[in-house]
Amino acid sequence: MWFISIFLLISAVNLEAYKVLLCFPFPARSMNNLGEGYVRHLLDAGHEVTFITPFPKKQNTPNLRQIDVSDNEEILANDNFMNISYILDNIVEPSSDVEYLQDMSLKIALRTLQNKNVKTLIENPKETFDVVVVDLLETELYAGFAALYNCPLVFAYSMGAHWVPMRLIDDPTNPAYSSDYFTTSIAPFSFTERFKVLVEHMKWRYAKTFKTMPKEEDAYINIFAPEIKKRGLIVPDYEDLIYNASLILSNGYHASGKIPNTPQNWKFVGGFHIEDPAKPLPEDLKSIMDSSKNGVIYFSMGSVWRSELIPKKITDGLLKVFGELKATVIWKYEGNLKNLPKNVHIVKWAPQQSILAHPNCRLFITHAGLLSSTEAVHFGVPVIGVPISYDQYININSAVDRGYALQVTLSYNLPKDLKSAIDVVFNNPRYKDKVKELSKLYHDRPITPGKELVYWIEFVIRTRGATHLRSPALLVPFYQKAYLDVVAVASIAMAAIGILLKNLCFGDSERKRRGRKEKRN
Ligand SMILES: *[C@@H]1O[C@H](CO)[C@@H](O)[C@H](O)[C@H]1NC(C)=O
Ligand SMILES: *[C@@H]1O[C@H](CO)[C@@H](O)[C@H](O)[C@H]1NC(C)=O
């Protein structure tokens, strides 16, 4: 009997099924994994989800409608930063080109909004949503959906507490002690690091304000505004719209530490994309991992490293290094490799979370993307990171700072450098102890990140935009925050007093002088 009442209770909590629009059109697997995390948790909570995705699934899922934007993939397909050979010869600093990244995101946004499936969605006057959750990577253009459907806006941010998204709901964080994905340093900064972070801020702001933002505003006016008008709604100014988000759901987590101040509507839900407990391993992988008495090293460089573009010299070198290890190596490699050493196994597709969850997994060699980095902490596996772009540097630096990781620089010496790093991490229990300790801290939260994410999205709908969580910082113009008006008033007052005093004294001494003259006379 009791379980029936519990069941009724659970279903009563969620009588309200909401319609949610999820917009995750960025054609990278990792971004899509995050989108799929939102989908999974919202469907589990009984909501109706419309998902704009470049990687739609074949099978139908009840309550899920997918809007296919798979041709977005073409934009990145020929990009040099997807080519590991190119990167090896042209080491790119993460900060090298903020304008390029802004441009690319805008290109993807424009392509998305011109996609015929998305157009159908936008132009259908009967379409309604209770909330829109849009990916926030260098462009805010998708905020237009909130104006179109006249509903609250939630930004889904794929990284931690960086100033670029923070500026949309509060003051940007102070560059003196908070880095972002264009910088590689961990606070406290040295003099030059602090200077570099500041310069990156200014470069980004300059590109956004004078180059990207006007193009975004044009797109908003051309694409969204006519449809908003058709619905009989007033078209909000682009600036009013993008600085009006109810929440930012950030993919960071508190256990990472060194987090700058965040407003009440900034929520950390990092780790929500992880399925816990992990799905069971496929039989072949399970038997390999079960029987690996000397531990397993899992080697995967994420979706950006296309294996067939890794130079042969490096691939051969890696196979030689791996072959000499006692441990088993599972390498996610999409191509075919001949003459594999006995302890090396190639998998074209790797159930990464299930591999990391296996108790014999003793080391994770990764590109240090945020999802992989979070999974390492979630499952408590030490890390060797080989970063190649953007936040991967800051992720691995922060892991090194926390004592459970080593960084190896990408170069033609990779096999040799990796070997020394493996020897250190594998033979020194410190790395394992540190990551287990951090993993405990990471899991110690009042609510799982997936549940928390659903809670806040429902909360925003229930409270019609959760305006009470918003920071007053956005209501106050810059000159007031910097007290420029007070400085101005104080300067005028001081100048006035100065003149007054001068007159008095001058007048005084003048009188005295005259007085003395008179006496002498
Ligand atoms: C990758 O980069 C290398 C070196 O710059 C170049 O020779 C090769 O053609 C590129 N391959 C692709 C698929 O872009
Ligand atoms: C700002 O958000 C609130 C709450 O979602 C909404 O009522 C209001 O219309 C929005 N204003 C603009 C300009 O988008």
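## A first look at the chain

How many helices and strands are there in the chain? There are 20 helices and 13 strands, where helices (H or I, at least four residues) and strands (E, at least two) are DSSP runs numbered from the N terminus. This is a predicted model, in which local features need pLDDT of at least 70 and side-chain atom pairs count only at pLDDT 80 or more, while totals for chains, interfaces and linings use all residues. Residues are numbered from 1 along each chain as its sequence is written, chains are lettered from A and ligands numbered from 1 in the order in which they are written, and side-chain values use heavy atoms, with hydrogens and water left out.

Along the principal axes, the C-alpha atoms fill a box of roughly 115 × 60 × 55 Å. Of the 521 residues in the chain, 51% are buried; buried means under 20% relative accessible area, exposed means over 50%, and partly exposed is in between (1.4 Å probe, protein chains only). Now consider contacts, meaning heavy atoms within 4.5 Å. Among contacts with a separation of 6 or more, 67% are between residues 24 or more positions apart.

## Three domains

The chain is divided into domain 1 (15-274 + 448-475), domain 2 (283-443) and domain 3 (481-520), with bounds that come from an automatic or database domain assignment. Taken over C-alpha atoms, the centres of domain 1 and domain 2 are 29 Å apart. Domain 1 gives 39 residues to the contact between them, and domain 2 gives 31 residues.

Helix 2 (29-44), helix 4 (84-89) and helix 5 (98-114) are the elements that give two or more residues to the side of domain 1 that touches domain 2. Helix 4 provides the largest share, 5 residues. That side of domain 1 divides into 19 nonpolar, 16 polar and 4 charged residues; here Ala, Val, Leu, Ile, Met, Phe, Trp, Tyr, Cys and Pro count as nonpolar, Asp, Glu, Lys and Arg as charged, and the others, Gly among them, as polar.

## Thr 374, a buried residue

Thr 374 lies in helix 14 (residues 370-379). Is Thr 374 buried or exposed? Thr 374 counts as buried because its relative accessibility is 1%. Leaving aside neighbours within four places in sequence, Thr 374 is in contact with Tyr 253, Gly 270, Gly 271, His 273, Ile 274 and Tyr 442.

## Salt bridges

The whole structure holds 18 salt bridges, each being a side-chain nitrogen of Lys or Arg within 4 Å of a carboxyl oxygen of Asp or Glu. Between domain 1 and domain 2 the count is 1 salt bridge. Asp 401 also pairs with Lys 258 in a salt bridge, with the closest N and O atoms 3.2 Å apart.

Lys 481 and Asp 171 form another salt bridge, their closest N and O atoms being 2.7 Å apart. This pair links distant parts of the chain, 310 residues apart: Lys 481 is in helix 19 (residues 478-481), and Asp 171 is in the loop between helix 8 (163-166) and helix 9 (191-230). Lys 481 is partly exposed, with a relative accessible area of 33%, and Asp 171 counts as partly exposed at 33% relative accessibility.
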